[in-house]
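Here is a short briefing on one protein model. Keep the sequence and the 3D view open while reading.

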Amino acid sequence: MVNVSSEAVLQAAHVLSQGGLIGLPTETVYGLAADALNPQAVDAVFHAKGRPANHPLIVHVADAAQVALFAQKVPAFAQRLMAAFWPGPLTLILPKQVGVADAAAGGHATVALRCPSHPVALAVLQVAQRLGVQGVAAPSANLFGSVSPTTAAHVREAFPSLLVLDGGACDVGIESTIIDCSRGAPVLLRPGMLSLSQLSEAAGVPVLHSPLLENTSAPSADALIEQAPAAPGTLASHYAPRARVRLLTSEDMLSRLSGMDVQVALWTRAVLDVPAGVRWVKMPSDAAQCAHELFAQLRAMDAEGVHEIWVETPPDGEAWDGVRDRLQRAAA
Ligand code: TXA
Ligand code: MG
């Protein structure tokens with residue numbers, strides 16, 4: 001199993017059962033994981049990330065049978081979404097069982113649930129469950145406000161003393177699609193790699209688009225947290241690297257490049273003939289491959305110390321919704 005031994009899985013599950021934290025690979029991004037029903041462990045996650053405690057965490061479960069422990073009133077469309085996409089990169093917001101996982105839910109009356117498909121994540125969840133851990137709260141394993149980690153090395157950079165299971169580079173590469181199933185109709189809160197039409201078809205009813213998603217250009221963090229539980233993950237600068245990110249057409253890039261006095265790195269689908277000293281990297285023309293590389297590419301360019309990262313505006317079309325969303329937020 002991707003270089004992770006069953007001893008390492010057992011050790012990680014044991015740490016979780018003792019109230020400790022681990023770095024957990026999933027198919028989307030790496031998580032900073034803790035026992036969702038242990039309030040001290042969940043507090044430690046908020047503290048380690050520097051995340052406001054009212055900003056709720058996703059609870060990861062070993063299978064759909066665990067949902068009843070955390071959620072009540074699971075609508076038929078939510079059942080259908082789980083049947084279609086679990087295990088996988090889909091998170092559902094559901095009305096929370098009273099008195100359960102209050103810390104993980106950040107004081108909200110709803111809970112976010114996901115069953116991941118990464119074999120290491122599933123193995124840890126299953127073994128931890130046998131040790132008494134019914135669900136694992138795990139936000140992305142980055143400091144609050146920075147780019148999500150897609151390799152074990154990214155996690156170790158932020159949390160050097162954390163036990164991290166190395167499950168390889170995350171397949172999907174951007175965070176899970178989040179659908180609010182607590183409002184009578186399914187509402188997309190965070191686009192991921194599952195398209196709206198795929199989701200609607202599986203749900204059997206149209207999945208609606210949250211008006212908050214239109215607003216990638218920055219109400220303040222506090223204002224958005226005030227609007228919780230709608231979608232705290234839509235903090236405008238949530239995915240920003242240090243370098244300034246700009247979304248431009250390749251024509252715009254070429255015309256701006258002449259006379260530039262700041263260092264830039266370019267990520268474009270078009271093959272560009274750039275002046276010496278300008279770093280250019282080919283952006284995949286396939287949306288899934290692009291998502292897979294996105295965060296690692298932003299990190300790598302950032303680490304080179306460029307002042308600006310110019311990314312070619314993604315194509316129209318729902319296949320690119322998740323990538324477009326992350327890039328717009330990185331550029332906000
Ligand atoms: O792919 C993923 O979802 C990754 C991996 C580790 O599973 N996790 C992740 O967690 O992205 P995090 O904490 O970085 O993002 C969780 C998002 C946040 O935007 C949070 O506000 C939202 O889920 N969320 C959690 N509970 C919620 C709730 N009850 N209502 C609305 N949004 C909620
Ligand atoms: Mg995150």
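The points below go from domains to sheets, then to helix pairs and backbone details.

The model is predicted. The protein splits into domain 1 (6-226) and domain 2 (244-331). An open sheet of 10 strands has mixed pairing, and an open sheet of 4 strands has parallel pairing.

**Domains**

- Domain 1 covers 6-226, and domain 2 covers 244-331.
- Their centres, taken over C-alpha atoms, are separated by 28 Å.
- Domain 1 gives 26 residues to the contact, and domain 2 gives 17 residues.

**The 10-strand sheet**

- The strand order is β7-β1-β2-β6-β3-β5-β4-β8-β9-β10. The sheet is open, and its pairing is mixed.
- β7 (163-164) and β10 (208-209) are the edge strands. Each has a single partner strand, so one side of each has no neighbour in the sheet.
- Strand β1 (residues 22-24) and strand β2 (residues 31-35) run antiparallel and are joined by 3 bridges.
- Within this pair, Leu24 has Gly31 in β2 as its bridge partner.

**The 4-strand sheet**

- Here the order is β11-β14-β12-β13, in an open sheet with parallel pairing.
- β11 (244-248) and β13 (279-282) take the edges. Each pairs with a single strand, so one side of each is left without a neighbour in the sheet.
- Neighbouring strands of this sheet are turned against each other by 20° on average, direction ignored.
- Strand β12 (residues 264-268) runs parallel to strand β14 (residues 308-312), with 4 bridges between them.
- Leu266 sits opposite Trp310 in β14.
- Helix α9 (residues 250-257) packs on the sheet and touches β11, β12 and β14. The direction of α9 makes about 145° with that of β14.
- Helix α11 (residues 321-331) also packs on the sheet, where it touches β11 and β14. The direction of α11 makes about 130° with that of β11.

**Helix pair α10 and α11**

- The axes of helix α10 (residues 287-303) and α11 come within 10 Å. They cross at roughly 25°.
- α10 is therefore roughly parallel to α11.
- The crossing of α10 and α11 is left-handed.
- From α10, Ala287, Cys290, Ala291, Leu294, Phe295 and Leu298 take part in the contact. They meet Val323, Arg326, Leu327 and Ala330 in α11.
- By class, the contact of α10 with α11 has 9 nonpolar, no polar and 1 charged residues.

**Helix pair α1 and α5**

- Helix α1 (residues 6-17) and helix α5 (residues 119-130) have axes that come within 9 Å and cross at roughly 55°.
- The two helices, α1 and α5, are therefore oblique to each other.
- α1 passes α5 in a right-handed crossing.
- Val9, Leu10, Ala13 and Leu16 form the α1 side of the contact. Ala123, Val124, Val127 and Ala128 form the α5 side.
- The contact of α1 with α5 has 8 nonpolar residues, no polar and no charged.

**Helix pair α4 and α7**

- The axes of helix α4 (residues 76-85) and helix α7 (residues 196-203) come within 8 Å. Their crossing angle is roughly 115°.
- α4 and α7 make a right-handed crossing.
- Phe77, Arg80, Leu81, Ala84 and Phe85 in α4 meet Gln198, Leu199, Glu201, Ala202 and Ala203 in α7.
- The residues of the contact of α4 with α7 comprise 7 nonpolar, 1 polar and 2 charged.

**Backbone details**

- Most residues other than glycine have a negative phi, and most peptide bonds are trans.
- Which residues does a cis peptide bond join? Trp86 and Pro87 are joined by one, with omega about -10°.
- Pro87 lies in the loop between α4 and β4 (90-95).
- Lys73 has a phi near 45°, a positive value in a residue other than glycine.
- Lys73 belongs to the loop between α3 (67-70) and α4.

How values were computed:
Residues are numbered from 1 along each chain as its sequence is written. Chains are lettered from A and ligands numbered from 1 in the order in which they are written. This is a predicted model: local features need pLDDT of at least 70, side-chain atom pairs count only at pLDDT 80 or more; totals for chains, interfaces and linings use all residues. Side-chain values use heavy atoms; hydrogens and water are left out. Two strands pair if DSSP finds at least two bridges between them. Axes are lines fitted to C-alpha atoms, for helices over the stretch in contact, and angles run from 0 to 180 degrees between N-to-C directions. Contact means heavy atoms within 4.5 Å. Angles under 35 degrees count as roughly parallel, over 145 as roughly antiparallel, 65 to 115 as roughly perpendicular and the rest as oblique. A crossing is left-handed if the near helix is turned anticlockwise from the far one by less than a right angle, and right-handed if clockwise. Ala, Val, Leu, Ile, Met, Phe, Trp, Tyr, Cys and Pro count as nonpolar, Asp, Glu, Lys and Arg as charged, and the others, Gly among them, as polar. Domain bounds come from an automatic or database domain assignment.
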